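Here are my notes from going through the model you sent.

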Amino acid sequence: MQNKEKNNLIYKFEFINITKKFLNGKIVANNNINLGIEPSKVTALVGENGSGKSTLTSILFGLYKQDTGEIKIDGKVCDMYQSGAAKKHRIGMVHQHFHLVEKFTVLENIILGQEELSISLDEKEIHEERISQLEEKYNSFFYKNKSKKEQFEEYYNLKIILRNKRFLRYRNKLNISKIEQKIKNIENSNKLKYKISKTKKEQKINKIKQNLKQEEKSRESLNLEILNLEKEVLKLKTKSVLQIEELRKELDFLKIDLKTRNSSKYGILNYKKYYQRFEAITQRYGINLNPDQLVSKLSVGDRQKVEILKTLWVEKEVIIFDEATATLSIDEINSLLSLIKKLKEANKTILFISHKLQEVKTIADNIAILKKGNLIALEKNTKKITIEEIAKMMVGTKVILEFKKNSPIEKKLLEVKNLTYITKKGFKAVDNISFDIKEGEIFGLAGIEGNGQEEIFNCIAGIKKPTKDSIISFQNQNIKDFKIKTRNQFISHIPIDRFKHGIIADRSLAFNSIITNFNDQKFAKFYFEGKKNQDNYKNPKGKNLIINNKAIYDWTDKLIKKMNVDGANNLNIEIRNLSGGNQQKFVIAREILKEHKLLLAGHPTRGLDIKSIKHIYTEIINNSPKKATLLYSLEISELISVCDRIAILYKGKIVNIIDPRNYDLNKISKMFVGEV
Ligand SMILES: Nc1ncnc2c1ncn2[C@@H]1O[C@H](COP(=O)(O)OP(=O)(O)OP(=O)(O)O)[C@@H](O)[C@H]1O
């Protein structure tokens, strides 16, 4: 399509009557959606968990095929489900969960999978043409260049002349000696005769000698000329050798390059070009990243920049940000938002999915609101609409994050003393910290991500091993070396990374409901007929294992109801089929309802809508009496609303333990950067 025509289009792409159902039509994820996305603008897609945001973007990205309806891109109907369609139409996605190779550098991650794009068909032709040019130049270097040829001819001619002259001189010399001999003979035989002819002969000798002298002179000048010529030829030769060598190198490189680029398995990467491109893109968008840094060493915010660079590298025109700010700190969110502004200025069309309405309002030109699979509003006047109004449209009621807290009692349940955690590379991520959590207390861990909160949390959960002298005492027993299985008997754990530690994605809801308490006798009992040994457990027919399916299904049902988990009509569906937020709600329900004395809640509201957030914290607070609760979140405003005390972490140390009722956000954010 001509650019001019393209510029006149109102929409970069359109969803037209899109409907998508799952589970034989029982779940309507998208219901007849009609939505046009304007070019070079940021359109936010908001809605409750399970309202159909991911399904809609997945259809655009070609991961799902819509049941009915069509998608138009640049005014043309496109089958996005066709393999490679998203790539062809330059649509990229930045996910909440990064797809990066930890052991590769930033640049390696960016070019991974895009290597073949470094040589297009056109480029290949240019390469091949250049090779044949070079070959020709190389082969005919001496022969084609006329002036050089002439010089060579001249050089050889001169050599021939010189040889002739030498011969002449030799002959003359021979002549002289012959004549002298003759003279002598004459002298000896006939002195008289000699006397007469002497003068004549002497004259002849003199003449010959004179000739010889002249001969000598011209020989010298000839020699000089030859010497100069030889010098020149040498110079020419050296220069040519260098030139030839360079040409040969270039030729060899291009040949290997071409060969390897055509092969799918091995390849030589044109790093010079990649670095130049990296420099150009990062400068253009003001992204500060070292191309040689290992991804494993990057902060979450920088990793996300790598994800964004991946889309810019292949010049995507549409970029979908799918809950991209969920794992970012405040500073990182701000830097992402300003980067999105730059992308917009560079005419990228942005689809921005987020549950954080404050940032949606800051960045979006248009806000599309989904509810239960329907598009219920497309708000274009984003300056006027308030966050509360958006939230109300999304969830149907006004939601305020205020809670009535319980009062903890003085009895300490958890005592952490001198906790130190050193990473495999010797970095002290947690540096000798101590705190306690009382019965009924909700204790928060706050700080900018990467200051030790996650490690403290994981040491208590048993995922990470602290140093020997660390003490994690629960009800006066040091549990530091307890296995996770033993901890599970009294600890409930909502993991920070629910996909890694919280669920088994391709197992059913029922299966996932018992993965942290499968030892509970009410779900399954081992029945031993013979001697108790390992074989009893491995009995292939399962004779000795009695599973109480009814108890498991009842339990699963209870979890779903407790947290209003959406999309869970069938308890045997794989948990991956739930929306991200609903998977999270399922895990939270399991851990809160499971018997426990200590609740570890890591980012429990990540990726959740405001109504679910309210629901979850209400449950956590209602669950807290008689237990200790450790809450780790990057959302400081949520910690302030929910916690009784908050530890602020900076560089692996606790800089302060605060009572959130007596602190304001300003003071806390100063502590985040070590200014106590
Ligand atoms: N593959 C699938 N099989 C069955 N149901 C599915 C599948 N994918 C999505 N669903 C259901 O479709 C509905 C919409 O899900 P979707 O993931 O699009 O919601 P969402 O708005 O992105 O939610 P969240 O904010 O929690 O990520 C949900 O009820 C979900 O359970």
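1. Start at isoleucine 646, which sits in strand E21 (residues 645–650). Keep in mind throughout that this is a predicted model. Is isoleucine 646 buried or exposed? It has 26 C-beta neighbours inside 10 Å, so it counts as buried; the cut-off for that is 20 or more. Once residues up to four places away in sequence are set aside, its contacts are Gly444, Ala446, Leu639, Ile658 and Pro660.

2. Next, the largest nonpolar core. It has 121 residues, and the members touching the most others are Phe352, Leu600 and Leu630. Domain 1 (3–108 + 301–395) and domain 3 (497–529 + 542–595) each supply at least three residues to this core. As background, nonpolar side chains tend to be buried together in soluble globular proteins.

3. Which residues does leucine 600 contact, leaving aside its neighbours within four places in sequence? The list is Phe457, Ile460, Ala461, Ile491, His493, Ile494 and Leu630.

4. Now the six-stranded sheet. It is open, with mixed pairing, and the strand order is E6-E7-E8-E3-E9-E10. At the edges are strand E6 (91–94) and strand E10 (374–379), each of which pairs on one side only. From one strand to the next the twist averages 20 degrees.

5. Both kinds of pairing can be seen in that sheet. E6 and E7 run parallel and are joined by four bridges, with methionine 93 opposite isoleucine 320 in E7. Strand E9 (residues 366–371) pairs with E10 in the antiparallel sense, over five bridges, and here isoleucine 369 stands opposite alanine 377 in E10.

6. Helix H11 (residues 330–345) touches strand E3 (42–47), strand E7 (318–322) and strand E8 (349–353), and its direction makes about 150 degrees with that of E8. Helix H13 (residues 387–395) touches E3, E9 and E10, with its direction at about 30 degrees to that of E9.

7. E6 may be an edge strand, but both of its faces are covered. Ile91 and Met93 are on one side, Gly92 and Val94 are on the other, and all of them are buried. The general rule behind this kind of reading is that side chains in a regular strand alternate between the two faces of the sheet.

8. The four-stranded sheet is also open, with antiparallel pairing and the order E2-E1-E4-E5. Strand E2 (27–37) and strand E5 (76–78) are the edge strands, each pairing on one side only. The twist here averages 30 degrees from one strand to the next. Strand E1 (residues 13–22) and E2 run antiparallel and are joined by seven bridges, and phenylalanine 15 stands opposite leucine 35 in E2. Helix H2 (residues 53–60) lies across E1, E2 and strand E4 (68–73), running at about 120 degrees to E1.

9. Two backbone spots to check by eye. Serine 40, in the loop between E2 and E3, has a positive phi of about 55 degrees although it is not a glycine. It counts as partly exposed because it has 15 C-beta neighbours inside 10 Å. Aspartate 74, in the loop between E4 and E5, also has a positive phi, near 50 degrees, and is a residue other than glycine. With 16 C-beta neighbours inside 10 Å, aspartate 74 counts as partly exposed too.

10. Last, a helix pair. How do H20 and H21 run relative to each other? The axes of helix H20 (residues 580–593) and helix H21 (residues 610–623) come within 11 Å and cross at roughly 10 degrees, so the two are roughly parallel. On the H20 side the contact is made by Gly581, Lys585, Ile588 and Ile592, and on the H21 side by Ser612, Ile616, Glu619 and Asn623.

How values were computed
Residues numbered from 1 in each chain as written. Predicted model: local features only at pLDDT ≥ 70, side-chain atom pairs only at ≥ 80, totals over all residues. Core = buried A, V, L, I, M, F, W, Y, C linked by C-beta atoms within 7 Å. Buried ≥ 20, exposed ≤ 12 C-beta atoms within 10 Å, placed from the backbone. Domains from an automatic or database assignment. Contact = placed C-beta atoms within 7 Å. Pairing = 2+ DSSP bridges. Axes fitted to C-alpha atoms, helices over the stretch in contact; angles between N-to-C directions. Parallel < 35°, antiparallel > 145°, perpendicular 65-115°, else oblique.
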